[in-house]
Amino acid sequence: MFTNRARILVAGLFVIMLAVSLQMKVYELAGLAVMFIALLIWGYFKQNTIVLAAKAFHLKDYDKAESLLKQVPNPEWLSKKRRGFYEFIYGGVCLQKRDYAEAEQHYELAALYPLRTANDHVAALVHVANISIRNGNFDKASAYLQLTDKHKDNITAKMKDVIQKVEQELKKHKK
C-alpha cells in the first residue's frame with residue numbers, strides 16, 4: 001500500500017539497517033532487513049499501487065487514480081486478483097473520461113480475471129455490453145449479457161435492474 005516513491009524510501013531505510021546490522025554483527029536484524037526488502041520488492045511487482053488507486057477511485061478522484069495506475073510499469077506481472085482490479089479501475093477511469101474504446105478493452109480484460117465480488121465481475125460484463133450497444137455491436141453485447149447469467153444468484157438487486165435496462169436497450173436496437 002505504498003506509492004513507488006515511498007516504497008523506494010522504505011527499502012532504502014532497510015538497506016541502511018542491513019548495513020548497520022552487518023557492521024555490528026547482529027545477523028538476526030540483518031536477516032530481518034533482507035526479509036523486509038524482499039517483501040517490498042515482491043509487493044512492487046505483485047501488488048503495486050492498486051490499493052491506493054482503488055481508494056482514490058472510490059473517492060471519485062479519477063485523476064489521482066489514473067496517475068497511481070500509470071505507476072504500474074507491467075500490469076501483466078501483477079497477481080491475478082490485483083490485475084483484475086487494475087483493469088476494472090482503469091476501465092472506470094476511462095469511462096469517466098468518455099474514452100469508450102479503451103474502457104471496453106479494460107473491462108474485457110477485467111472480466112477474464114477474478115474480481116472481489118460477483119457483482120464486480122457482472123459490472124465489468126455489463127459495461128462491455130453497454131459500450132458494445134453504443135458502438136452498434138449488438139451480437140457482442142448479447143454475448144456479454146449472456147455471461148452474466150452465471151452470476152444471477154450472487155448479484156445485488158441494483159445490478160439486476162441495470163442488467164434489465166441494458167437488455168431492454170439491446171432489444172430496442174435488435175428490432
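## The largest pocket

What volume does the largest pocket have? In this predicted model, the largest pocket has a volume of about 430 Å³. Its lining is made of 16 residues, and the closest to the pocket's centre are Phe 57, His 58, Phe 88, Arg 116 and Asp 120.

Helix H3 (50-58), helix H5 (80-96) and H7 each give two or more residues to this lining. H5 gives the most, with six residues. Sorted by class, the lining has nine nonpolar, four polar and three charged residues.

## The second largest pocket

Next comes a pocket with a volume of about 200 Å³. Among the residues that line this second largest pocket are Asp 120, Ala 123, Lys 158 and Met 159. Here the elements that give two or more residues are H7 and helix H9 (157-174). The classes are three nonpolar, three polar and two charged residues.

## How H7 packs against H8

Now let's turn to the helices. The axes of H7 and helix H8 (residues 138-147) lie 8 Å apart, at an angle of about 165°. Angles over 145 degrees count as roughly antiparallel, so H7 and H8 are roughly antiparallel to each other. Their crossing is left-handed.

Leu 125 and Val 128 are among the H7 residues in this contact, and Phe 138 and Tyr 144 are among those in H8. By class, the contact has nine nonpolar, one polar and one charged residues.

## How H7 meets H6

Helix H6 (residues 100-112) and helix H7 (residues 118-135) have axes that come within 9 Å and cross at roughly 145°. This crossing is left-handed. On the H6 side, the contact includes Tyr 100 and Tyr 107; on the H7 side, it includes Leu 125 and Val 128. Its residues divide into nine nonpolar, four polar and three charged.

Terms used:
Residues numbered from 1 in each chain as written. Predicted model: local features only at pLDDT ≥ 70, side-chain atom pairs only at ≥ 80, totals over all residues. Heavy atoms only, no water. Axes fitted to C-alpha atoms, helices over the stretch in contact; angles between N-to-C directions. Helix = DSSP H or I, 4+ residues; strand = E, 2+ residues; numbered from the N terminus. Left-handed = near helix turned anticlockwise from the far one by under 90°. Contact = heavy atoms within 4.5 Å. Nonpolar A, V, L, I, M, F, W, Y, C, P; charged D, E, K, R; others polar. Parallel < 35°, antiparallel > 145°, perpendicular 65-115°, else oblique. 1 Å grid on protein atoms, 1.4 Å probe; cavity = no way out; pocket = protein on both sides within 12 Å on 5 of 7 lines; lining within 4 Å. Points joined across faces, edges and corners; volume = space filled by probe spheres on them.
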